[in-house]
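Hello,

Please open it first, then read the notes below it.

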Amino acid sequence: MAEMNMLQAINSALRIAMEKDPTMLVFGEDVGHFGGVFRATSGLQDTFGRGRCFNTPLTEQGIAGFANGLASNGTTAVAEIQFADYIFPAFDQIVNESAKFRYRSGNEFNVGGLVYRTPYGGGIAGGHYHSQSPEAYFTQTPGLKVVVPRNAHQAKGLLLASIRDKNPVVFFEPKRLYRASVGEVPEGDYELPLGKAEVVKEGKDITLLAWGAQMEIVEKAAEMAEKEGISCEIIDLRTLSPWDVDTVAESVKKTGRLLINHEAPLTGGFAGEIAATIQEECFLYLESPIARVCGLDTPYPLIHEKEYMPDALKTFEAIKASVNF
């Protein structure tokens, strides 16, 4: 085990994958000699050459279209979208081409081995063009997998699994944890399963569900609740599409309550899909309405970032309301 932050873990995953797969290319805005705006690709061009790690023009639609072309011809393509807020010009290429390539060709062609890496979320005073959480836009698109790690160990294992998956993956990286999340990470090659949630902590009174950077928020809220005698079960969803209904439903049948926390706005957020499914699966087990603690239905506000964020205190108050319902 080595101690790494999330950026180092991501860099390690890319390096291992490139060493083992000579067809793998890494590309995006400033990812070459500069190493990316956050330095996630630092040193890759020096090690593997300009032919395998290189800069692209500032055109997200072009990056995604180029990635589709490479992957459809058998290349393992890992494209970086510099900020998740910039992914929208590439939306058509991702949802209408990447996601549908296998289906529309009757499985004659596919873009398996294609990963779009992109940093998402707030907490860095980035304003509304560098702070959004657009993961839910992609969860309604059959043919895509959507993955969000919570720490360095998860980031490396999930990214290696995403690169080797036979389906295109949108890999959202919580940028406020890039250097803040530090932990023990195996130096070698390992994968963590896609589509499988992880029960991080067992409890009996309420299930807390989150992903990515919000995991540390629900963990802090759970600590506050424990002091009030409330036992919280904590689940990291990890993969939003396909998401692990069975693990969440099993937990809710035990606790009778569910709280979902995500940074994206409430309306249309993925918490709504989870809530609808769990009430179908667990209706007779529920002791209170399913709670959602999410971002506000506003553009991401720079000056009111603290008020916007679904923080530990908001989550703690919602836990108490659910348990006392």
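Contact here means heavy atoms within 4.5 Å. Keep in mind that this is a predicted model.

**Helix 10 and the sheet**

Helix 10 (residues 270-282) lies across strand 10 (206-210), strand 13 (258-265) and strand 14. Its direction is at about 155 degrees to strand 13. Those strands belong to an open sheet of five, in the order 9-11-10-13-14. The pairing is mixed.

Strand 9 (198-201) and strand 14 (291-295) are the edges. Each has a single partner strand, so one side of each is left without a neighbour in the sheet. From one strand to the next, the twist averages 25 degrees.

Lys201 stands opposite Ile234 in strand 11.

**Helix 1 and helix 7**

The axes of helix 1 (residues 6-20) and helix 7 (residues 152-164) come within 8 Å. They cross at roughly 30 degrees. Angles under 35 degrees count as roughly parallel, and helix 1 and helix 7 are therefore roughly parallel to each other. Their crossing is right-handed.

On the helix 1 side, the contact residues are Met6, Ala9, Ile10, Ser12, Ala13, Leu14, Ile16, Ala17 and Lys20. Helix 7 meets them with Ala152, Ala155, Lys156, Leu159, Leu160, Ile163 and Arg164. By type, the residues of this contact divide into twelve nonpolar, one polar and three charged.

Best regards

Terms used. Residues are numbered from 1 along each chain as its sequence is written. This is a predicted model: local features need pLDDT of at least 70, side-chain atom pairs count only at pLDDT 80 or more; totals for chains, interfaces and linings use all residues. Side-chain values use heavy atoms; hydrogens and water are left out. Two strands pair if DSSP finds at least two bridges between them. Helices (H or I, at least four residues) and strands (E, at least two) are DSSP runs, numbered from the N terminus. Axes are lines fitted to C-alpha atoms, for helices over the stretch in contact, and angles run from 0 to 180 degrees between N-to-C directions. Angles under 35 degrees count as roughly parallel, over 145 as roughly antiparallel, 65 to 115 as roughly perpendicular and the rest as oblique. A crossing is left-handed if the near helix is turned anticlockwise from the far one by less than a right angle, and right-handed if clockwise. Ala, Val, Leu, Ile, Met, Phe, Trp, Tyr, Cys and Pro count as nonpolar, Asp, Glu, Lys and Arg as charged, and the others, Gly among them, as polar.
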